[in-house]
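Hi,

Here is the structure I promised to pass on. Please open it alongside this note; my findings follow below.

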Amino acid sequence: MTDLVNRLAASKDKLAEQSALKPGSSKKDQILERENRTQDQEPGHVLATPTGVKIDHTDDSLKAGERGPTLMEDFHFRYTMTQFDHERIPERVVHARGSGAHGYFELFEPQAEFTNAKVLNDTSRKTPVFVRFSTVQGSRGSADTVRDVRGFAVKFYTDEGNWDLVGNNIPVFFIQDAIKFPDLVHSLKPEPHNEIPQGQTAHDNFWDFASLMPESTHMLMWILSDRTIPRSYRMMQGFGVNTYTLLNDKMERHFVKFHWKPVLGVHSLVWDEAQKLGGQDPDYHRRDLWEAIESGNYPQFDFGIQVVAEKDEHMFDFDLLDCTKLIPEEQVPVRWIGRMTLDRNPDNFFAETEQVAFCTQHVVPGIGFSNDPMLQGRNFSYLDTQLNRFNGPNFNEVPINKPICPFFNNLRDGFNRQQINKGKVNYWPNRYANPRPATEEDHPYINFPEKTEGMKTRVRAPKFKEHYKQATMFWNSLSNVEKDHLVAAARFELGRVDDVRIQTRQIENFLNVDHEFAKRVADGLGINVPSQAVVQNHGRHSSALSQLNTVFGSPATRKVAFIVADGYDSTQLLGLRGAIKAAGTMTFIIGPRRGKIKSSKQLENPEYDEMEGTSPETSDYGIYSDFSLFTAKSTLFDAIIIPGGAQSINTLMDMGETFQWINEAYKHHKTIGAVSEGVALLRETAIPSSLISADQSVISEKGVVTSGVYSASKESDSIVGTAIEAVKSVGKTGNFVKTFIEAVGQHRHWDRDVSRIPA
């Protein structure tokens, strides 16, 4: 017994030593404690029960005879089945479907003027983080690309404890007071009588609630925008949503809004594309995040704060405590003070992404709460949620949730207790004066001494009662393309509502935002509206609210599909692919089938039929496709390019899937490129011929980049005419590559008229 106690003590001392991290310590040191709880699946392990007993047979239960009953003494069977029966914990009521990643946060400059939080003052430290992105409405099994708010939650493992910044990709919320949160969630979830629809708000119950809650109007404008169908978790903003506070060493308090901005810019899918992806790859966002990190394309987000001095709290025409409002950046610019990099995928999805427990009340010294009634309610609800999911208060002992700084208290026992506390006392005060309350030198958490008084009441402050000005500002700030998308989304959502009374009531709310907007939506529903504006548009706008102002022209991590068939021009393919990859894109080969695709050189030289290049990307004699035209679609990629090769193009022209790929990519406003004989293929698609090069010059029109010669005359045995002049060297494709990369960097080309392009 003494030996066991000594071994446990030694193990505890080791963990404590590993946990006592110093600022500036390496990331490897910071996760040592976590690694002590992982189990590598290396060769040589022997199967054993959870109690450590080795098992020599695991394919049959223990029975009395070959055909006899299973025996209850079979502890291996009972352990196996019991563990399986209890594998699941309650999924989150909201944000059930998520994806996570590890990373670190680096501070650019100290913020001592506003806060004494070390994580916002120590520029020498890389603070470990775990991030969970999520949808809101759907279950764990719903699709990634539904129209929905996205959760953006970050757990900072700081020297002073864990700080959870639990936000969304939209800066405002539906409701002002948390007491309405159950009603909101009940309304947006599948309707209770038939559990339909899953993962979307296009149904009567949600719009019934929303149309009766004018405070939701601003948020509705955001969820109908492209923000709710992001291209990638790596390409969406994050916001703390609520107003928090910062406290400095002088005991001065400031109000603060937190922001995350993706380095890659803010980009979205188009609605037709999002719907198709829901069936073609329900894990689209999850897969995108995972593959980006595995390939070394680490997602990065700049961290910013909007700070308002306490004396300026009432300078706005809205209330800082109202989470249905944002602070326009023209009034309070965002200070970009740090950067987060996500560089490691979870080792185990359940243990980390599913078990991570975020609570808004998890803050560190120097960061506090405002009286935002939604935030106050979240502080209660998030903790209560974790108590339910983990069957008690010990969820903070799960490795993914446990702080990496040393900590001591007198909290004890409960379900799933992991910590082994030694000693005779578990209370304060005690005869050992240990653990003692922190002193000023320990930098404890200080609650700001805010003076509070008032009558008990269930009313809202006067400024909470205005619901439309910022919704109008959001509409005014959008580009024409974004407005078109928002109108189409509103028509879709309300068009799925069966009760005309709900539709009419919501149109009446929209009339308070902008008459043109409301009328356009109403026209799609067959509802009449007044010919004159009910409320005059105030004309204010904020440039930060349009996604098109975040396009930075970078092609980095964009997925480019090369469509080829047997007989492709290997010189063109290898040259183009190498140059385009060098710009930071991710390239993929798409063929009529999976497996090896033969080049024209290989077809012309049968003796090279079995020859393999030193690399699949540098071989003149064949290349292996990543997907076939059947197993993937253009929706999975950001751009497509078609190299030359007469036989390759002839084969592709005989395949309907080729035209589906190209037409769909054009309809979704993506970059499309072609050289040499590939140009002839484009001329057979729905792309207007006026956008396609007629000679060897490089033409870039509305995201269609081409270079080659096309002849209308065709030989009887060849779809591609002999008059086509192929581009035969990388040097001759230099201008094409530069132009193509620039087009990819624009993400989408909204100047196309795709109204007549088939879906």
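This is a predicted model: local features need pLDDT of at least 70, side-chain atom pairs count only at pLDDT 80 or more; totals for chains, interfaces and linings use all residues.

Part of the cover over the buried residues of α5 comes from α6. The buried residues of α5 are L184, V185, S187 and L188. Viewed down the axis of α5, they fall within an arc of 160°, so they line one face of the helix. The general rule is that an α-helix has 3.6 residues a turn, so residues three or four places apart point the same way.

Next, the cores. The largest nonpolar core has 52 residues. Within this core, F174 and W207 touch the most other members. Several helices each supply at least two residues of this core, among them α5 (181-188), α6 (204-211) and α7 (217-223).

Look at F174 in particular. Neighbours within four places in sequence aside, F174 is in contact with V149, L184, F206, E215, S216, M219, L220, I223 and T324.

Last, a helix pair. How do α13 and α15 pack, and at what angle? Their axes are 9 Å apart, at an angle of about 45°. α13 and α15 are therefore oblique to each other. The crossing of α13 past α15 is right-handed. On the α13 side, the contact is made by K483, D484, L486, V487, A490, R491 and L494. On the α15 side, F517, R520, V521 and D523 make it.

Best wishes

Key. Residues are numbered from 1 along each chain as its sequence is written. Side-chain values use heavy atoms; hydrogens and water are left out. A nonpolar core is a set of buried Ala, Val, Leu, Ile, Met, Phe, Trp, Tyr and Cys residues joined through side-chain atoms within 4.5 Å. Buried means under 20% relative accessible area, exposed over 50%, partly exposed in between (1.4 Å probe, protein chains only). Helices (H or I, at least four residues) and strands (E, at least two) are DSSP runs, numbered from the N terminus. Contact means heavy atoms within 4.5 Å. The arc is that of the directions from the helix axis to the C-beta atoms. Axes are lines fitted to C-alpha atoms, for helices over the stretch in contact, and angles run from 0 to 180 degrees between N-to-C directions. Angles under 35 degrees count as roughly parallel, over 145 as roughly antiparallel, 65 to 115 as roughly perpendicular and the rest as oblique. A crossing is left-handed if the near helix is turned anticlockwise from the far one by less than a right angle, and right-handed if clockwise.
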